[in-house]
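Please look over the chain below before reading on.

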Amino acid sequence: MFKVLKKLAGKKRNKRPVGSEDTLASQASTKDQSISYQIEDNIKQVKKIFHYPDNKDIKLRECKIGASEKRVAIFFISTITDVRTIEDSAIGPILKNKHPDATIKEMIATQNITHLSTMRDVVQNMNTGNAVIFIEGETSAYAFECANFQGRSVEKAENEVVIKGPKEAFTEKVVVNLSLIRKRIKNEDLMAETVTISTRSKNEVFILYIRNLANEKLVDNIKNRLKNLDVDAIQNLSLLEQYIEERPFSMFPSVLYSERPDRATSFLEDGHIILLMDNSPDSLILPATFWSFFHTSDDHYLRFIFGNFARFIRAGAMFITIFISAIFIAVTTYHSEMIPADLLLAIAGSREKVPFPVFFEILLMEIAFELIREAGLRVPNPMGPTIGIVGALILGQAAVEANIISPIVIIVVALSGLTSFTISDVSLNFALRIIRFIFIFSAGLFGIFGMTSFFVMGIFYLTSLKSFGVPFLAPMSPHYVASGDTIFRRVLKNENLRPGYLKPKDMKKKSDEAVK
Amino acid sequence: MKQNEGKIGIRDYMAIILLTLGSKVSDDTPTLLYKTAKNSAWISMLGIALLSLIPILFLLKVFSVHRNKNLHEINLHLFGKVMGNLISMGVLLLGFSSFVLDTSVYVDIIGSMYFTRTPTLALYILMLVVCGYGAKRGIESIGSAAWLTLFYLKATLFLALIFAFTKGNLKFIFPLWGPGTLEIAKTTGSKLSIFADFYFLGIIAPLVSSFKEFRKGTLWAFAIVVVEITAALIIFVILFDFTSIEVISYPFHETILYLSIGFLSNVESMFLPFWLVAAFIRFSFYLYLVVTLFGGIFKIKEFEYLVPVFIVIVLFLGIMPKNLTYTLPYLREMILGILSPLFFILPILMWGMAKLRGDFKREAEQSH
């Protein structure tokens with residue numbers, strides 16, 4: 001019956017055809033040519049493809065080889081190449097050449113030279129920042145690496161701050177990010193494969209995994225998923241995340257997003273898979289479990305007791321941020337007998353002049369808090385703190401004095417807002433904030449009964465979630481052999497197993513001798 | 001890896017049993033025992049446990065030779081198509097009626113003890129929606145949820161019982177034999193079906209990762225549950241004495257009403273969410289069992305889609321009886337009365353049929 005309904009619903013939503021011209025195909029057809037014997041033809045062709053000279057940063061340098069007097073043309077895009085390299089290693093040696101028989105490979109002094117036979121290769125090389133050389137009387141071109149894309153240098157991590165441990169963060173250049181990871185794993189089995197994921201902008205994704213640790217099926221699954229994307233452009237990992245996740249409407253994220261190379265590395269060493277991309281100062285870690293969103297790298301850098309203390313505080317904060325407002329509503333409206341008599345009188349006294357029900361009061365303040373938060377994020381930097389002070393202090397104070405809300409509500413909402421900041425992961429943070437509102441509504445409707453109902457539904461939902469085949473709450477439930485790093489962590493020496501839910505090729509992280 | 005798709009491990013399985021059977025202390029089951037066995041209800045409980053062990057062991061023996069079949073498939077195999085289907089249908093009917101009764105008991109508890117002004121219908125709908133959602137998520141989800149919450153639920157129950165114990169008077173359990181051995185024996189016989197859930201557990205037997213774990217989990221969970229219920233029965237008696245416990249409908253809830261911890265004088269709403277979580281998981285599981293059995297009998301493969309239909313039926317049946325406080329115990333007792341002999345006889349019958357058909361011999365030959 002449901003299938004029929006679904007079908008009916010699906011048919012109604014039939015896509016309207018979009019009238020369009022396939023410019024991509026025509027763009028591709030101009031490139032499907034081989035390189036001509038005539039250098040004039042080649043130059044003309046490249047000029048046409050790149051719209052030279054309208055395209056200002058496309059450069060052409062024509063010259064003759066010193067000894068043989070053959071004509072040479074060098075094409076490159078000046079904004080993404082290192083012009084110095086081209087001058088010193090290519091143009092200079094060509095002009096100064098003394099031997100008439102010398103081939104181009106003997107003349108040019110760069111780290112490598114690639115032989116190109118079609119226009120498609122020429123275009124691709126130029127687009128990635130390489131310079132291309134055409135020589136008179138040859139049916140092939142040559143490319144040498146001199147790419148130099150501009151970007152930020154390695155800086156401190158801003159969103160995932162730690163007290164102890166490395167401070168550097170990923171940057172927008174994938175080469176730098178890869179080097180940050182290779183700096184930590186000096187192993188030839190660390191694979192960095194690339195997949196081109198978009199048809200127009202040709203964005204490349206680096207898939208990182210350790211070959212003799214990561215599960216092959218998982219790697220293949222992710223590679224296939226990336227290869228099957230049929231999109232014009234995916235600029236960065238934040239967008240890619242939404243293309244590859246399994247449940248776009250789910251409240252809970254299924255891919256972990258980290259800007260810390262040390263964190264990415266420790267996941268790689270456990271058998272996870274990392275995705276890196278140009279233009280993304282971060283990495284995607286998959287598969288992800290609930291616990292990976294809950295943890296921070298600090299938990300392991302701090303000593304056993306301190307790290308677990310931090311975890312304990314965070315777990316408590318998570319509980320408070322979700323439940324405190326809802327509990328306040330439920331207890332004051334449905335279960336007032338729970339509160340000790342003195343406190344009850346105090347609450348009632350402070351609410352004497354307030355005309356609204358508790359539910360409305362809490363909702364008002366929670367929304368105000370979210371407003372301050374969102375506004376504080378968007379205001380220009382110098383004004384940020386002012387907005388915070390104006391919003392939090394003055395607004396709250398004035399609201400109490402105007403008898404719109406009672407002072408105890410301010411305490412409750414401030415507590416629930418403050419504690420929400422302990423979860424550093426952006427996605428989980430958002431999820432918790434939204435869930436808080438649902439709990440507020442369920443508490444307003446049915447008191448503790450409503451809250452418990454929604455809580456149990458949430459638990460059922462969480463236990464049925466999967467991220468790339470890995471249960472969301474693994475290894476706690478369903479149980480898997482693992483190092484037991486869930487709410488609390490173990491002493492580092494005893495964390496000697498890789499997580500079983502990844503089905504890694506080698507379960508043991510440390511030999512028995514190291515443990516004893 | 002050990003974890004197979006669609007199967008549950010021993011932890012999840014045990015957690016399910018501990019929650020479903022363990023939460024019987026918190027509904028009206030103790031009252032049914034106190035009614036006839038008075039203050040020695042706990043002795044009759046031990047008797048029930050001993051007697052229940054017989055059908056459970058027979059069941060395990062039967063399941064040991066049919067490891068990939070669930071209860072309905074075994075029924076078909078042992079009794080033939082007609083009889084097998086009839087038996088399964090009877091079991092389904094009884095299971096379904098007790099599901100309806102149990103849910104209305106719980107809604108009655110919530111409505112009469114905590115939410116006196118909320119309409120019963122609203123409570124019932126919300127509860128069934130949650131359970132339906134759980135049942136639709138499947139056994140893995142129910143098992144995981146049970147395991148995740150088990151510790152906290154049992155810890156709070158334990159806490160409540162400990163506090164109740166300190167308030168009680170140990171002398172109230174005397175005279176030890178209460179109304180006399182005959183009454184105790186009668187209670188034992190007629191309330192045997194408290195553990196009839198173990199018979200229904202056969203429906204998910206092939207979903208437990210291995211038979212070894214199924215057997216181990218069943219027996220361990222049985223032992224723990226027996227200790228838990230017996231302890232609770234003793235504690236209720238020493239807190240209220242037998243004259244008042246007979247008239248209390250829901251002793252567990254009266255107990256937590258009675259308690260005060262430190263500066264908190266009314267703690268019942270603190271125990272309420274934990275008890276509710278247990279109830280939700282319990283009924284999700286029951287609903288899953290009922291729907292699975294129904295799907296098995298009528299050969300409906302995508303039985304999850306039946307859940308909404310069942311919810312509506314349960315809702316209509318559940319709100320039908322007027323004056324819940326008086327009708328429910330009567331109906332409950334009736335169902336228990338029918339189930340008790342069946343629970344005892346059916347497993348033995350199954351074992352007998354398996355013996356006649358030579359299933360055990362074949363198994364022995366295969367293992368050689």
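Of the 516 residues in chain A, 46% are buried, where buried means under 20% relative accessible area, exposed over 50% and partly exposed in between, with a 1.4 Å probe and protein chains only. This is a predicted model, in which local features need pLDDT of at least 70, side-chain atom pairs count only at pLDDT 80 or more, and totals for chains, interfaces and linings use all residues. Residues are numbered from 1 along each chain as its sequence is written, chains are lettered from A and ligands numbered from 1 in the order in which they are written, and side-chain values use heavy atoms, with hydrogens and water left out.

**Whole chain**
- Chain A contains 19 helices and 12 strands, which are DSSP runs numbered from the N terminus (helices H or I, at least four residues; strands E, at least two).
- The radius of gyration of chain A, taken over C-alpha atoms, is 30 Å, well over the 24 Å from the globule rule (2.2 Å times the number of residues to the power 0.38), so chain A is more spread out than a compact globule.
- Along the principal axes, the C-alpha atoms of chain A fill a box of roughly 105 × 60 × 60 Å.

**Helix H17**
- In helix H17 of chain A, the buried residues include Val409(A), Val412(A) and Gly417(A).
- The cover over the buried residues of H17(A) includes helices H13, H15 and H18 of chain A.

**Ile434**
- Ile434(A) lies in helix H18 of chain A and is partly exposed, with a relative accessible area of 41%.
- The C-alpha atoms of Ile434(A) and Met251(A) are separated by 8.5 Å, although these residues are 183 residues apart along the chain.

Note on methods. Contact means heavy atoms within 4.5 Å.
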